[in-house]
Amino acid sequence: MEDVLPFQQALASAKNIIVLDGAGLSAASGIPTYRGVGGVWLNFDQTKLANPEAFREDPSKVWQFYHARRQGCLDAQPNAGHRALATFCLPQTLARVAPSLDPKWPVPLHVVQNADALSSRVLDSAPFTPADKAAVQKCIREMHGCLFETRCTSCRHVQRAYTPTPYAAALDAARDSGEVVDIPVDQLPRCGGPDNRSNRQGRCGGLLSPNVVWFGEVPEHLGEIGRQMNWCDLLLLVGTSAKVHPAAGFSKTVKERGGKIAVFNVDPNTIVEADFTFVGPCAETLPLALG
Ligand code: BJW
Ligand code: ZN
């Protein structure tokens, strides 16, 4: 942790800070990462699950995969790393540790690749107040969507709340049996929004998919994130392999414009461009470094 002091000096003089986090942030909560030892993609084939074609071909299988993942995330609790990042984004902390932020970007952008909702859920408990939650939530951009939301494949409507419906029982049974069960497509979740086609009454009824960003789809908030990346002078890469584009290119963009990179990872060799490296579980290194 010899980089703590120079890193804190960089925080103190930074004008535009971005945090990009990934699956390693939730590792201490017991949620598997995607790649590497114990990773999700070692046990499941990403090409058969995490792309729109896979969903069109076998929505039942894809829903079963996501239902089990969603349950795993519901059972997990946010960890000290999520708390440290949320605390860092509080106005009173920023005034102390990052007092030079440009008024154009008075708070860091917290770009969340994880779809597990833990970066938001951490704000639901002490020490955070409802006012803290509102302030910190403004920083968060879920770039790869959220497992607890759905979107309609027909009308594209996004439902932000997770409401268990009758299909959940079939999905639960499939999860518990550990087998891929052929749940008929008409029993999968359906859109309850209005039917937007002209002269039609009633519900849309389109097939819902999890509101996550699959390979080949364009990540959310990309315009805003890309614009701010051009001005970023301190990028924190937390628990991400940075192998998935477009996030994989962010550190290069920042470096080319003279910014600095701080890496928080158990693997010291993840990012070659790092100016500050905190090797170890980020649930331990973030609270120390963000002080
Ligand atoms: C710890 C730790 C601890 C462990 N403490 N650290 C060639 C060139 C350019 C692009 C492409 C290309 N070939 C294909 C593409 C495109 C593709 C891509 O990048 N593929 C790569 C595999 C090569 N990308 C896309 O398709 C993206 N869209 C796109 O490019 O659109 C085109 C476009 C862009 C811009 C403008 C216009 C058009 C979409 C990508 C969608 C990614 N979706 C997923 C699934 C989400 C839903 C779900 O959960 O199922 O998102 S994939 C998965 O990877 C998930 C993650 O958010 C993402 C990143 O993974 P992450 O978080 O980095 O996890 P890991 O497991 O890789 O790493 C964990 C790290 O933690 C490791 O480093 C560990 O060491 C560390 N760690 N424990 C600290 N305790
Ligand atoms: Zn719909």
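1. P210 is buried, with 22 other C-beta atoms within 10 Å. Buried here means 20 or more other C-beta atoms within 10 Å of the residue's own, exposed means 12 or fewer, and partly exposed lies in between, with C-beta atoms placed from the backbone. P210 belongs to strand β6 (residues 208-212). Leaving aside residues up to four places away in sequence, P210 touches Y66, L147 and T150; two residues are in contact if their C-beta atoms, placed from the backbone, lie within 7 Å. P210 and F55 are 155 residues apart in sequence, and their C-alpha atoms are 10.0 Å apart in space.

2. On provenance: this is a predicted model, in which local features need pLDDT of at least 70 and side-chain atom pairs count only at pLDDT 80 or more, while totals for chains, interfaces and linings use all residues. Residues are numbered from 1 along each chain as its sequence is written, and chains are lettered from A and ligands numbered from 1 in the order in which they are written.

3. Overall, the protein has 13 helices and nine strands; helices (H or I, at least four residues) and strands (E, at least two) are DSSP runs numbered from the N terminus. The radius of gyration is 20 Å, close to the 19 Å that the globule rule gives for 291 residues, so the protein is as compact as a globular protein of that length. That radius is taken over C-alpha atoms, and the rule is 2.2 Å times the number of residues to the power 0.38. The C-alpha trace spans about 60 × 45 × 40 Å along its principal axes. Of the 291 residues, 37% count as buried. Among contacts between residues at least 6 apart in sequence, 72% join residues at least 24 apart.

4. Helix α6 is largely enclosed by the rest of the structure, because seven of its nine residues are buried. These are G81, H82, A84, L85, A86, T87 and F88. Their cover includes β1 (17-21), α7 (91-97), β2 (109-112), α8 (118-121), α9 (130-137) and α13.

5. The axes of α6 (residues 80-88) and α13 (residues 282-290) come within 7 Å and cross at roughly 25°. That makes α6 roughly parallel to α13, a term for angles under 35 degrees. Axes are lines fitted to C-alpha atoms, for helices over the stretch in contact, and angles run from 0 to 180 degrees between N-to-C directions. The contact uses A80, G81, A84, L85 and F88 of α6, and C282, A283, L286, P287 and L290 of α13. By class, it has nine nonpolar, one polar and no charged residues; Ala, Val, Leu, Ile, Met, Phe, Trp, Tyr, Cys and Pro count as nonpolar, Asp, Glu, Lys and Arg as charged, and the others, Gly among them, as polar.

6. Two cis peptide bonds deserve a check. One joins A126 and P127, with omega about 10°; P127 lies in the loop between α8 and α9. Another runs from H245 to P246, with omega near 0°, and P246 sits in the loop between β7 (234-238) and α12 (250-256).

7. Positive phi values come next. H221, not a glycine, has phi of about 60°. H221 lies in the loop between β6 and α11 (222-229) and counts as partly exposed, with 15 C-beta neighbours inside 10 Å. A242, also a residue other than glycine, has phi near 50°. A242 is in the loop between β7 and α12 and is buried, with 20 other C-beta atoms within 10 Å.

Conventions
Parallel < 35°, antiparallel > 145°, perpendicular 65-115°, else oblique.
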